[in-house]
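This briefing goes through one protein model, beginning with a single residue and widening to the whole fold. Please keep the sequence and the coordinates open while reading.

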Amino acid sequence: MRTTLTTLQKMAKEGSKIAMLTCYDASFAAVLEAAGVDSLLIGDSLGNVLQGHESTLPVKLADMVYHTECVARGSKRAFIVADMPFGSFQVSPQETLRNAARLMAAGAHMVKIEGGRPMLETIGFLTDRGIPVCGHLGLTPQSVHALGGYRVQARGENEAQLLLRESKELEQAGAGMLVLEAIPAPLARDVTAALSIPTIGIGAGVDCSGQVLVLHDMLDVYPGKKAKFVKNYMRPAGSIHGAVELFVKEVKAKAFPGPEHGFSA
């Protein structure tokens, strides 16, 4: 049976943790589902881990459509979320709708859009027309240059209160899920408690409704320095299937992320 947004929202309400990983092809879609992953995110992180770019900014909509099609063909059960790449939603709501429709036609069940208040009109426009939207607050990689690098966000009181307000506004605009990236764990806990939609953390502490990691990071495939919130699951597991199973097990048991993977205010 296919996992739906309703399934994930029920899990969040009941306190059952959601396990999400990025995925970019049919083979890994099947592997991740077999290991118990609830949701597959076709992340624009493919720009880094597949295409070799220094950021996600060069990723094109056509790239996202192609990889969404690949994942959808390999998936039978998981809920599929596709990132809207840079330049595909920082446009008019009407053009964003056309771009989002391409991802939905490719097999996505939801699109993800980075940003807060500037995106409220667009999110409402999409959800009013039947396209589910996942928001994304905190460290938004497409804004890396405006943010001054890949840095923890909302550590100050004013910034934290703004993020909390924006999270509520995103839900009110129609967002059905929210990714929180690289923010203090206490703030992520407060945001999760304030919302009725699931929150998916990446570097946001254990109190989010679920957790996501970039597949190539948790398998220790991507070279270079890893973010603090990344855990290498290949080392203890020894196989890809075992690594993903261990990730799912630890997320469900609230054993990941640990305090060492999070940030304080």
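At 0% relative accessibility, leucine 32 counts as buried, where buried means under 20% relative accessible area, exposed over 50% and partly exposed in between, with a 1.4 Å probe and protein chains only. The model is predicted, so local features need pLDDT of at least 70, side-chain atom pairs count only at pLDDT 80 or more, and totals for chains, interfaces and linings use all residues. Residues are numbered from 1 along each chain as its sequence is written, and side-chain values use heavy atoms, with hydrogens and water left out.

**Leucine 32 and its surroundings**

- Leucine 32 has its place in helix H2, residues 26-34; helices (H or I, at least four residues) and strands (E, at least two) are DSSP runs numbered from the N terminus.
- Leaving aside neighbours within four places in sequence, leucine 32 is in contact with Leu21, Thr22, Cys23, Val37, Leu40, Leu215 and Val244, contact meaning heavy atoms within 4.5 Å.
- The C-alpha atoms of leucine 32 and methionine 20 are separated by 9.3 Å, and the two residues are 12 apart along the chain.

**The fold as a whole**

- The protein contains 12 helices and eight strands, and its C-alpha trace spans about 45 × 40 × 40 Å along the principal axes.
- A compact globule of 265 residues would have a radius of gyration near 18 Å, and the 17 Å of the protein agrees with this; the radius is taken over C-alpha atoms, and the globule rule is 2.2 Å times the number of residues to the power 0.38.
- Buried residues make up 56% of the 265 residues, and among the contacts with a separation of 6 or more, 63% are between residues 24 or more positions apart.

- The structure holds three aromatic pairs, a pair being rings of Phe, Tyr and Trp (its six-membered ring) with centres within 6.5 Å, counted as stacked if the planes are under 30 degrees apart, edge-to-face if over 60 and tilted for the rest.
- The rings of tyrosine 233 and phenylalanine 256 have centres 5.8 Å apart and planes at 80°, so this pair is edge-to-face.
- Tyrosine 233 lies in the loop between helix H10 (215-218) and helix H11 (234-237), whereas phenylalanine 256 lies in the segment after helix H12 (240-252), so the pair ties together parts that are 23 residues apart in sequence.
- Both tyrosine 233 and phenylalanine 256 are buried, and Tyr233, Phe247 and Phe256 form one aromatic cluster.
- The peptide bond from phenylalanine 256 to proline 257 is cis, with omega near 0°, and proline 257 lies in the segment after H12.
- Histidine 261 is found in the segment after H12 and is buried, with a relative accessible area of 8%; not counting residues up to four places away in sequence, histidine 261 touches Gly203, Lys228, Phe229, Val230, Lys231 and Phe256.

**Positive phi values**

- Lysine 254, in the segment after H12, has a positive phi of about 65° although it is not a glycine.
- Alanine 182, in the loop between strand E6 (177-181) and helix H9 (185-194), has a phi near 50°, a positive value in a residue other than glycine, and is buried with a relative accessible area of 3%.

**Two buried loop residues**

- Aspartate 44 has its place in the loop between strand E2 (39-42) and helix H3 (46-49), where it is buried with a relative accessible area of 4%.
- The C-alpha atoms of aspartate 44 and threonine 56 are separated by 5.8 Å, with the residues 12 apart along the chain, and the contacts of aspartate 44 beyond four places in sequence include Thr56, Val59, Asp83 and Glu114.
- Serine 209, in the loop between strand E7 (199-202) and strand E8 (210-213), is buried with a relative accessible area of 9%, and its contacts beyond four places in sequence include Ala12, Lys17, Thr192 and Pro198.
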